[in-house]
Amino acid sequence: MTFARLGAVVAIAWLSVAPSGAADRRAPVVHVDHHVHLHAPAILAILSDYCASPGRASKCDAEFTRPLAVADLRRAMDDAGIRRAQVMSTAYLAESPLMAALPPNHAAIVRAANDFTVGLARAQPARFSVYIGVNPLTPTALPEIAHWRGDRHVAGIKLHLANSRFDYHRPEQVRMLANVVRAAASAHWRVMIHMRHRVEGYGADEARIFVNEVLPAARGTTVQIAHAAGWGGVDSATLAALGVFAEACEHDRPRCANLYFDLAAIRPESVPDRDKAALVGLMRRIGLRHFVPASDWPFMRDLRAYYAGLRTLPLSDAEWRKVARNVVH
């Protein structure tokens, strides 16, 4: 065999196993998923009542109610090459006013759900960082924070303002939210917050209230905004809210030093090109280091497919690599 022919054979063999440029761009290079959920048994027991509540704006997603186990989460992570996940407790569902009537033992359910989630980090600290969950508008929120304060397995706190039926235009609720954020910061925890509170009536005004009246309570601790300040997908309300953060960060960079936005459930394949371009433009204004990879598993059950889809955002290869490798601390 001639050297030329041998070289051709080697080249063909290499191409048969090496990824194409397109495949390279699709391949997940994410090692940390910053937003996953795993319901505790105590929460699974009340989900049917929660999902049947007339206070909900839509039906529960089938993936949301599926009784998944930690083995399912580990398998999904392994299939996608995800080494570590930040697991958000859904304990706050037990005290969500979306339910017509709270379970009589709602505080005990919150405690049991948080205990289950913290147990994941106790059992597998190399794989899981965990965040307890509370409804910041309840009397149990601050006592629950006090209970877990000092536990080295708790990395942070998860707050979900839609499930809390939070209203940015009620000053007493804004104060309660700020107090909970302040208490989490005092415990040296990260704060992860789903700040979009409803379908309508959310956007720039609400984001300004958050930036001016809630964010200062974090006192320099890490704050992670879920779904890039929306709640999945990209729409005009999400872009308006994110635009407020862009303005704030451009005006005062130190204010945003410990501020992050996760890309959970963005689903670029269902987002118009103009909105994808607008999102990326805002990401660049805020700074790509402030955006972290996240899925919202189990809503995004196939993590490999989700991150391949996320790669279709109009970021350069270098920009995507930067975002994919970002990790909150």
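His37, Leu38, His39, Glu63, Phe64, Arg66, Leu68, Pro298 and Phe299 line the largest cavity, a cavity being a set of points, on a 1 Å grid over the protein atoms alone, where a 1.4 Å probe fits but cannot get out, with lining residues having an atom within 4 Å of a point. The model is predicted, so that local features need pLDDT of at least 70 and side-chain atom pairs count only at pLDDT 80 or more, while totals for chains, interfaces and linings use all residues. Residues are numbered from 1 along each chain as its sequence is written, and side-chain values use heavy atoms, with hydrogens and water left out. The largest cavity holds about 70 Å³ of space, and the count comes to one cavity of 30 Å³ or more. Its lining divides into five nonpolar, two polar and two charged residues.

Strand β3 (residues 128–133) pairs with β4 in the parallel sense over four bridges, pairing requiring at least two DSSP bridges, and Gly133 stands opposite Lys158 in β4. The chain passes from β3 through helix α8 (residues 141–148) to β4 in a right-handed β-α-β crossover, the path from the first strand over the helix to the second running clockwise with the strands pointing away from the viewer. Strand β5 (residues 190–194) also pairs with β4 in the parallel sense, over five bridges, with Ile157 opposite Val191 in β5. β4, helix α9 (residues 171–186) and β5 form a right-handed β-α-β unit.

Conventions:
Helices (H or I, at least four residues) and strands (E, at least two) are DSSP runs, numbered from the N terminus. On a 1 Å grid over the protein atoms alone, a cavity is a set of points where a 1.4 Å probe fits but cannot get out, and a pocket is an open set with protein on both sides within 12 Å along at least five of seven lines; lining residues have an atom within 4 Å of a point. Grid points are joined across faces, edges and corners, and a volume is the space filled by probe spheres set on the points. Ala, Val, Leu, Ile, Met, Phe, Trp, Tyr, Cys and Pro count as nonpolar, Asp, Glu, Lys and Arg as charged, and the others, Gly among them, as polar.
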